[in-house]
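Hi,

Here is the structure I said I'd pass along.

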Amino acid sequence: MDHEHVRDVDPAVADALEGEIERQRDSLQMIASENHVSRAVVDAQGSVLTNKYAEGYPGARYYGGCEYADEVEELAIERATELFGAEHVNVQPHSGTQANQSVYFAMLEPGDKILSLDLNHGGHLSHGHPANFVGQLYEVEQYEVDAGTGYLDYEGLAEHAAEFEPDIIVSGYSAYPREVEWERIQEAADDVGAYHLADIAHITGLVAADVHASPVGVADFVTGSTHKTIRSGRGGIVMCDEEYADDIDSAVFPGGQGGPLMHNVAGKAVGFKEALQPAFEEYAEQTVANAQALGDQLSEHGFSLVSGGTDNHLVLVDLRESHPDTSGGDAEDALEEAGIVLNGNTVPGETRSPFDPSGIRAGTPGLTTRGFDEDDCRTVADLIARVIDAPDDEDVIAEVRDEVATLCEANPLYE
């Protein structure tokens, strides 16, 4: 990628950008919430639309000169509507968290009740963690996965809802490797007269490709990120039935943010068009197949997988049985030195600090974008096992780093 204009003005930033390209090219990016977007999406996000204020919505802006901004946003909305089948789509949120914020702001009052999954069991900060604004503005209680199976405890969720009587139940997760039964959560919400917000931030692309069941048409509100499995412009999205459209739009603007980032909306539009092509379904299917191959091979090496496997794009590994003296943070550091980038992660029944947890989370969206198949992912699992078995062995780290380089050369990124 060319950064000559940046280099003319700011060589230090140009050096950092080129360093980041090299880092992505020469190592395996396996953070489950990351991906590699196309050059077309990169170009759209770096376009002159960054110059344009477009407060409001297409056809009803508070600034002049918005004809092309309107065109781009309308394209993004039309394509998202086709991808997900939603009645109403808002593509302006700057992030998945702000998408969630818009639903809370539209439908709740401060002090209202939220029931969501515990962070240690795979939930997300924006679902009610006390460090997040949600936990500070609302009364939050949290449900859990079944400690024995690692699967969502739907009966326990329903019982908790009956006792707590929440105003909204949040589903959708950042570290849950199984398909979600949206209808069962909707039933629990209906039983207590609560709204249901399904946050599909991680699985947006899998839902768009019909590889994972969709909550659209089931839950009252569906939010997500647009830069993870769907590989579009960085940001968030909100979907809902038409009856909630005005409330959601007002909560996004002016309720939660000012002018939309129109260059990001352009990236979303381009990425959504890519996701409408037949090849994207193949990509989504391969992403899941790769995660399953990765998980199966890690199991062969004696690693314990939360829930025993995966239905989606990630595996969650509990190190406590196989490697009790190695934390998720230790594993993350050693693997990054070897050229494999993933993250330490809390696991159900966590006994360590969230800053140095007991597990690791590994995703396959980025590997699949590079062209990796199941055999490649089994090889990656072998490399992960070698490093975690000997995290302090410099020779092992160097050998794995060389093998990572070979894999990267065979599956080049941004040639």
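**Cavities and a helix pair**

Lining the second largest cavity are Q98, Q101, S102, A251, V252, G256 and Q257. Keep in mind as you read that this is a predicted model. Helix 5 (96-107) and helix 10 (245-256) each put at least two residues into that lining. By class, the lining of this second largest cavity has 2 nonpolar and 5 polar residues, with no charged ones. Its volume comes out at about 40 Å³.

How many cavities of 30 Å³ or more does a search of the whole structure find? The count is 2. The largest cavity has a volume of about 80 Å³, and 16 residues line it, with Y173, Y176, V180, I203 and N312 closest to its centre. The lining of the largest cavity splits into 9 nonpolar, 5 polar and 2 charged residues.

Where does the largest cavity sit relative to the domains? Domain 1 (43-276) and domain 2 (281-410) both contribute residues to its lining, so the largest cavity lies between them.

Now for the helix pair. Helix 12 (residues 278-300) and helix 15 (residues 374-389) have axes that come within 8 Å and cross at roughly 35°. The crossing of helix 12 past helix 15 is right-handed. On the helix 12 side, the contact uses Q286, A289, N290, A293, L294, Q297 and L298, while helix 15 brings E374, C377, R378, V380, A381, D382 and I384. Sorted by class, that contact between helix 12 and helix 15 has 8 nonpolar, 3 polar and 3 charged residues.

Cheers

Definitions and conventions. Residues numbered from 1 in each chain as written. Predicted model: local features only at pLDDT ≥ 70, side-chain atom pairs only at ≥ 80, totals over all residues. Heavy atoms only, no water. Axes fitted to C-alpha atoms, helices over the stretch in contact; angles between N-to-C directions. Helix = DSSP H or I, 4+ residues; strand = E, 2+ residues; numbered from the N terminus. Left-handed = near helix turned anticlockwise from the far one by under 90°. Contact = heavy atoms within 4.5 Å. Nonpolar A, V, L, I, M, F, W, Y, C, P; charged D, E, K, R; others polar. 1 Å grid on protein atoms, 1.4 Å probe; cavity = no way out; pocket = protein on both sides within 12 Å on 5 of 7 lines; lining within 4 Å. Points joined across faces, edges and corners; volume = space filled by probe spheres on them. Domains from an automatic or database assignment.
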